[in-house]
Amino acid sequence: MASDLSDLYQEILLEHNRRPRNFRTIDDATHHADGFNPLCGDQISLQLKVGTEKVDDAAFQGHGCAISRASASLLTQAVKGSTADKAMAMFEEFHRMLTEPNADLDLDLLGDLEMLAGVIAYPTRIKCAILAWHTLKAAMDGEAVATTE
Ligand code: ZN
């Protein structure tokens, strides 16, 4: 069962890589940042439109490995419609998922982001998965550039 589930997740991740969601620009973006993962060569440019109550829109562009693209795609889906506080809580939980084995995770908060949980077994790929989230935090904090180094 566990391996069936991870096969399914892998298929969904590959599909997100082939057809990333929100892979575009936002004309009236309020926040943006560029993220780099020098270990793998992943680059993403993240744009957000943050309203008074929530993140109204999120989109990204860039190039990189399948995991970095799938993660950025899932991020845009996860944060769109969320409050900024919730988006940051997702970042903390996502980070815990990839860095603390057997952590007691808030799966409701993570939602589809849980599909990347298997990355914890591949330490060299963790930065690929987390790049988009560091970039989100930089954008929210008003910093132009994020790096996983
Ligand atoms: Zn990568």
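This is a predicted model: local features need pLDDT of at least 70, side-chain atom pairs count only at pLDDT 80 or more; totals for chains, interfaces and linings use all residues.
User: Okay, helices. How are two packed helices described?

Analyst: You give the angle between their axes and the distance between the axes. Helices (H or I, at least four residues) and strands (E, at least two) are DSSP runs, numbered from the N terminus. Axes are lines fitted to C-alpha atoms, for helices over the stretch in contact, and angles run from 0 to 180 degrees between N-to-C directions. Now look at helix 2 (residues 66-79) and helix 5 (residues 126-140): their axes come within 7 Å and cross at roughly 40°. That makes helix 2 oblique to helix 5. The angle words go like this: under 35 degrees is roughly parallel, over 145 roughly antiparallel, 65 to 115 roughly perpendicular, and the rest oblique.

User: Which hand does the crossing of helix 2 and helix 5 have?

Analyst: Right-handed. Picture the near helix turned from the far one by less than a right angle: anticlockwise is left-handed, clockwise is right-handed.

User: And which residues of helix 2 and helix 5 meet?

Analyst: From helix 2 you have I67, S68, S71, A72, L75 and V79, and they meet C128, A129, A132, W133 and L136 of helix 5. Contact here means heavy atoms within 4.5 Å. Sorted by class, that contact has nine nonpolar residues, two polar ones and no charged ones. For the classes, Ala, Val, Leu, Ile, Met, Phe, Trp, Tyr, Cys and Pro count as nonpolar, Asp, Glu, Lys and Arg as charged, and the others, Gly among them, as polar.

User: At what angle do helix 3 and helix 5 cross?

Analyst: Roughly 155°, with the axes coming within 10 Å. So helix 3 is roughly antiparallel to helix 5. This crossing is left-handed. On the helix 3 side, A84, A87, M88, M90, F91, F94, H95 and L98 take part, and their partners in helix 5 are I126, A129, I130, W133, H134, L136, K137 and M140. The contact divides into 13 nonpolar, two polar and one charged residue.

User: Next, single residues. Is H16 buried or exposed?

Analyst: Buried means under 20% relative accessible area, exposed over 50%, and partly exposed in between (1.4 Å probe, protein chains only). H16 has 3%, so it is buried. You'll find H16 in helix 1 (residues 2-18). Leaving out residues up to four places away in sequence, H16 touches R21, A70, S73, L74 and Q77.

User: Which side chain makes a polar contact with the side chain of H16?

Analyst: That's S73, at 2.7 Å. A polar contact is a pair of N or O atoms within 3.5 Å; within protein, one must be able to donate a hydrogen and the other to accept it, and residues adjacent in sequence count only if both atoms are side-chain atoms.

User: How far apart are L131 and G35?

Analyst: They are 96 residues apart along the chain, but their C-alpha atoms are separated by 6.5 Å. L131 sits in helix 5 and is buried, with a relative accessible area of 1%. Among the residues L131 touches are G35, F36 and T148.

User: What about K80: where is it?

Analyst: In the loop between helix 2 and helix 3 (84-99). K80 is partly exposed at 36%.

User: What phi does N22 have?

Analyst: Most residues other than glycine have a negative phi. N22 has a positive phi of about 55° although it is not a glycine. N22 lies in the loop between helix 1 and strand 1 (31-37) and is buried at 15%. N102 has a positive phi of about 60° and is not a glycine either. N102 is in the loop between helix 3 and helix 4 (107-110) and is exposed, at 81%.

Terms used: Residues are numbered from 1 along each chain as its sequence is written. Side-chain values use heavy atoms; hydrogens and water are left out.
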